[in-house]
Amino acid sequence: MSLQMVTVGNNIALIQPGFSLMNFDGQVFFFGQKGWPKRSCPTGVFHFDIKHNHLKLKPAVFSKDSCYLPPLRYPATCTFKGNLESEKHQYIIHGGKTPNNELSDKIYIMSVVCKNNKKVTFRCTEKDLVGDVPEGRYGHSIDVVYSRGKSVGVLFGGRSYIPSTQRTTEKWNSVADCLPHVFLVDFEFGCSTSYILPELQDGLSFHVSIARNDTIYILGGHSLANNIRPANLYRIRVDLPLGSPAVNCTVMPGGISVSSAILTQISNDEFVIIGGYQLENQKRMVCNIISFEDNKMEIREMETPDWTPDIKHSKIWFGSNMGNGTIFLGIPGDNKQVVSEAFYFYTLKCAEDDVNEDQKTFTNSQTSTEDPGDSTPFEDSEEFCFSAEANSFDGDDEFDTYNEDDEEDESETGYWITCCRTCYVDINTWVPFYSTELNKPAMIYCSHGDGHWVHAQCMDLAESTLIHLSEGSNKYYCNEHVEIARALQTPKRVLPLKKPPLKSLHKKGSGKIITPAKKSFLRRLFD
């Protein structure tokens with residue numbers, strides 16, 4: 001194994017814990033920036049170009065028929081083929097955290113529709129689910145198994161927010177283990193079915209999953225309820241006959257106590273586990289190789305890389321699998337220096353460069369990363385900070401820089417919205433409205449009907465109002481629907497105003513009423 005330090009040429013602030021890497025035919029793409037995409041890259045997906053240990057992030061584009069893909073962090077991702085013989089593959093993305101500190105329950109499918117030596121164009125589609133729809137979560141896994149010529153997705157584990165009935169202002173961002181249910185997801189028909197297996201007692205998160213044919217192996221993970229990393233190893237086998245699927249689970253010996261490890265494949269039957277944690281804030285420096293032979297699984301320790309002192313002494317590390325037996329690692333920068341980067345990055349090659357890619361199967365595993373704030377709310381002063389500028393994407397001879405003219409009809413793609421009839425947000429200059437963005441969305445959710453997003457800027461919301469709405473659980477209604485919302489409320493009873501009686505003056509013998517004004521006039525007249 002070889003470890004090399006990587007310098008980042010631009011937009012280093014985008015690479016934060018929780019990102020994902022996707023490998024399409026040897027080209028790696030970055031997904032999961034911290035904050036909403038700006039105009040400089042409306043898709044939020046970047047080509048991850050590393051040459052001579054120097055990294056450049058270059059914006060990727062989506063087709064016009066793509067749906068909007070939020071910048072999700074800590075999602076579950078895996079590759080998917082229609083069948084084992086298919087050459088082209090897609091990426092499945094489920095769950096993850098949005099910049100608004102919400103958990104997604106949606107499934108997105110990403111595929112390449114156009115590729116040349118200049119640019120790669122993606123298509124992103126959202127898959128609606130019916131049946132037992134898994135709740136929004138993060139730190140889980142999704143894999144694809146193949147049985148009897150059919151395929152199905154298998155989703156397990158993760159963390160989610162505590163139920164809404166238990167959420168208070170103080171516990172608004174508190175998370176809990178998801179129930180240890182196994183979900184089978186049919187990507188063709190959009191059906192989801194939940195299974196309860198007695199062998200699975202804990203809803204593990206940040207575990208390692210390996211899919212091979214009709215079987216998934218679940219290794220390690222962290223139980224938030226017990227604060228343990230059990231050395232468990234589960235084998236989940238899925239049979240897909242003409243009728244209902246059959247799912248069974250077997251507890252196997254020889255597991256590993258680790259969470260947030262990164263998995264990469266180095267050959268058709270061999271995988272390498274790097275990184276992770278064995279205790280709270282105690283990294284696991286041991287590396288393991290997993291071998292499969294005749295449906296038998298063997299886990300053994302292997303020679304560790306020559307870790308640098310910075311890596312050894314850092315409390316946290318994170319990363320993702322680049323494919324081709326290579327892992328991208330990040331550690332916090334040294335804040336003792338006058339000028340220090342937020343993170344330092346490395347590439348770790350676990351396989352030789354001459355690995356035959358055609359012989360490798362696209363078996364899937366969770367992109368495992370550890371949230372350094374697992375036990376704390378997902379918020380900090382840079383939650384919505386996005387340092388990339390439109391002119392910061394410098395190109396080279398192989399890739400075009402981002403050209404704004406390429407998106408003249410971008411309004412049809414759904415990347416940028418008109419939130420109301422009076423929306424005045426300029427899509428060419430739009431940035432988060434407030435600069436310190438702690439837990440305050442630049443867009444806010446209107447609860448009318450099925451709900452929709454509106455710009456806080458267009459609603460003329462003060463920053464103090466945004467703070468109040470972000471911390472509480474009250475529903476918000478935009479300017480167009482606030483009157484409707486008021487009509488739904490029972491109006492308070494208002495007592496009628498009591499008018500004071502008019503003082504009157506009766507002139508003797510006349511029987512007429514003289515008002516105070518007339519009385520004053522008569523006095524001035526006779527005086």
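I will begin with the chain as a whole, then turn to confidence, the annotated site and the salt bridges.

This is a predicted model, in which local features need pLDDT of at least 70 and side-chain atom pairs count only at pLDDT 80 or more, while totals for chains, interfaces and linings use all residues. Residues are numbered from 1 along each chain as its sequence is written, and side-chain values use heavy atoms, with hydrogens and water left out.

The protein chain contains 4 helices and 34 strands, where helices are DSSP runs of H or I of at least four residues and strands are runs of E of at least two, numbered from the N terminus. Of its 527 residues, 50% are buried, and here buried means under 20% relative accessible area, exposed means over 50%, and partly exposed lies in between, with a 1.4 Å probe and protein chains only.

As for confidence, pLDDT, which is the predictor's own confidence in each residue on a scale from 0 to 100, has a mean of 78 in the protein chain, with 73% of residues reaching 70 or more. Over residues 355-415 it stays under 50, and over residues 433-440 it is likewise below 50. Where pLDDT is low, the predicted coordinates should not be read in detail.

Which residues does UniProt list for "binding site"? The unreviewed entry gives Cys419, Cys423, His455 and Cys458, in the numbering used here, with feature names shortened and with the caution that annotations may be inferred rather than shown by experiment. Although these residues are spread over 40 residues of sequence, they cluster in space, the largest C-alpha distance being 8.1 Å. Cys423 sits in the loop between β30 (343-349) and β31 (443-446), whereas Cys458 is in the loop between β32 (452-455) and α2 (463-471) and, at 4% relative accessibility, is buried.

The structure also holds 6 salt bridges, meaning a side-chain nitrogen of Lys or Arg within 4 Å of a carboxyl oxygen of Asp or Glu. One of them joins Asp49 and Lys58, with the closest N and O atoms 3.1 Å apart; Asp49 is buried at 8% relative accessible area, and Lys58 is buried at 5%. Another joins Glu126 and Lys106 at 3.2 Å, N to O. Because Glu126 lies in strand β10 and Lys106 in the loop between β8 (90-94) and β9 (107-115), this pair ties together parts that are 20 residues apart in sequence.

Conventions: Contact means heavy atoms within 4.5 Å.
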